[in-house]
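Thanks for making time this morning.

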Amino acid sequence: PGPAAPSGAQCLEHDCFGIFWAARPFAEASAECERGGGHLMTVRSTVAEDAIALLLQNRSGRLWLGLRLPLPLACTEPAQRLRGFQWVTGDRRTDYSNWAPSERRCGERCVTVSRELRWEERRCEEPADGFLCEYNYAGSCPRLPPAEGLPVTYATPFGARGGDFLALPPGSSAVVPALGLELRCDEEGESEGLRWGRAAPGAWPCRLANGGCEGACGEEGGRPRCSCPDGKVLAPDGRGCSSPCAGAPCQHHCVVADATFLCMCESGYRLAADGSSCEDDDDCAVLPRLCEQVCVNTEGGFECRCHRGYEMLEGRCRPVSRCYEAPCEQRCEDVPGGYRCGCFPGYAVDPRVPTRCLLHCNRSQCPAQCDPHSLSCECPEGFLLDDDADSGQVCVDIDECDMNFCQHNCTNRPGSYECHCHAGYQLLDQNHCVKIPEDDREGEYSGDFGPGPQTPIPSRTPPKAEHLHPGVLVGIAVGALSTALALLALGYHLAKKRCRPPATMDYKCSGPHEKEMGLQPVASGCAA
């Protein structure tokens, strides 16, 4: 058998409630509701309670609600809001309850509601006087506006009939006998939500719900007809209004033009010959100088790129800086084909490692580089720290010429020194001088640089050794002693003249000694 017809029903925007006066046990009543597409009623707020009061209308009797004590729970829990019961929808959510007084009871239990709206527990297998069903929908149609002489009878999908519904669920029908018209609550055209309509296109008499027209309804020669406002056209059903762009084949954009439409494309595209498709524009071909170096066309646009060795910076191609990867310790400068390391003031590039920087001073005194945290100070190579100076800690140049590094003459420079040789001699290394052979003085190796000492080769056979007379030997000895005394006197005179106290630290002298000592404080004069 089909579902039983409710004795009464009431619908809200999304819910309908039907009352059935038929004695059924709980399980049979639940099955009747499910056959109509619903379930036994859940009462989660006072809104549902008001609907029950309206349906009962002071009629006595007890009706099943959708509450049941779930198995294997054997007893009720009076301290809980739902006393341990569960809705037939499988949840216990509710903001409302209205229990009649009851003690804790055990066994299979279900719930009924009476005219007093009290919830009462009873055995599920005992028949109640009736039951309440609930039906849920996504939306509804409002009742048709009243028109004089046009009574309307409504019918719901779950079998309820009448003329007093406030709202009708989808699938409901409205019969107007005076016009021989039957309407149905359903979705129509582009309108959002549900509307009353019919299968046949066109308007019905305008005095009933504006003839079903979304726009204006007018009757010419006794025939109703719908019309739409500017920018819209009549839908296929003859009642709704839709945009001319509805269903238009435009690939990108559709623009309404009076009662028709035009297709348009986004920037970077052009309209194809078919009037609806869009084709990509080659921006690089349209504007040859669009980019500074390289232009690459993309779908709907373009992209500017740079040649190898350049990079994009703020929309312009700039040479790639080699300094990004340079190992310079302090400063870096881009030069054609590479980079050049530099240093901050007070530093100079290390000649042995061009990427490093060393402390540098080009005067006889410079301020020391001091760390304010560790209070340690550093001086360039060839300088000593002088922390007794009135102006603070300074670096004082070491006079290497006072250390007798050079064999002949010496010139002191800030942080270094330079050796020079007497006439007829040349530098063998940084400090030592060697005599220039007679044959090479005007030849290839003149000056301070040349080969080391060479053993002279005699041009003829030396004479045979002969025995000398004793008088000759004495003369030779006396002459040698006189020469030695004269050289000693000349050396003392020259040493006294050259070793006067220095007035400045620019040029100093030294004696013919090897560089055998490290850095030491500078003496004010020469030792005897």
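**Cavity, pocket, disulfides and confidence**

The largest cavity holds about 30 Å³ of space. What we have here is a predicted model, in which local features need pLDDT of at least 70 and side-chain atom pairs count only at pLDDT 80 or more, while totals for chains, interfaces and linings use all residues. Residues are numbered from 1 along each chain as its sequence is written, and side-chain values use heavy atoms, with hydrogens and water left out.

On the terms: working on a 1 Å grid over the protein atoms alone, a cavity is a set of points where a 1.4 Å probe fits but cannot get out, a pocket is an open set with protein on both sides within 12 Å along at least five of seven lines, and lining residues have an atom within 4 Å of a point. Grid points are joined across faces, edges and corners, and a volume is the space filled by probe spheres set on the points.

Searching the whole structure gives one cavity of 30 Å³ or more. Which residues line the largest cavity? They are Val43, Glu49, Ile52, Tyr96, Val113, Leu117 and Trp119, and by class the lining has six nonpolar, no polar and one charged residue (nonpolar being Ala, Val, Leu, Ile, Met, Phe, Trp, Tyr, Cys and Pro, charged being Asp, Glu, Lys and Arg, and polar the others, Gly among them).

The second largest pocket has a volume of about 550 Å³. It is lined by 24 residues, of which Pro380, Glu381, Gly382, Gly415 and Ser416 are the closest to its centre. Strand S30 (347–349), strand S31 (357–359) and strand S38 (416–420) are the elements that give two or more residues to this lining, where helices (H or I, at least four residues) and strands (E, at least two) are DSSP runs numbered from the N terminus. The lining of the second largest pocket divides into 13 nonpolar, five polar and six charged residues.

Turning to the disulfides, meaning pairs of cysteine sulfur atoms within 2.5 Å, the search of the whole structure finds 23. In one of them, cysteine 213 and cysteine 226 have their sulfur atoms 1.7 Å apart, and the link is left-handed, with -75 degrees about the S-S bond. Because cysteine 213 lies in the loop between strand S15 (195–197) and strand S16 (216–220), and cysteine 226 in strand S17 (residues 223–227), the pair ties together parts that are 13 residues apart in sequence. Is cysteine 226 buried or exposed? Cysteine 226 is buried, at a relative accessible area of 2% (buried means under 20%, exposed over 50%, partly exposed in between, with a 1.4 Å probe and protein chains only).

A disulfide also joins cysteine 284 to cysteine 295, with 1.9 Å from S to S. Here cysteine 284 is buried at 16% relative accessible area, whereas cysteine 295 is partly exposed at 24%.

Finally, confidence: pLDDT is the predictor's confidence in each residue, from 0 to 100, and the protein chain has a mean of 81, with 81% of its residues reaching 70 or more. Confidence is lowest in helix H4 (residues 470–498), at a mean of 55, and highest in strand S3 (residues 39–40), at 97. Over residues 443–469 pLDDT stays under 50, and the model has 23 contacts for them beyond four places in sequence, a contact being heavy atoms within 4.5 Å. Where pLDDT is low, the predicted coordinates should not be read in detail.
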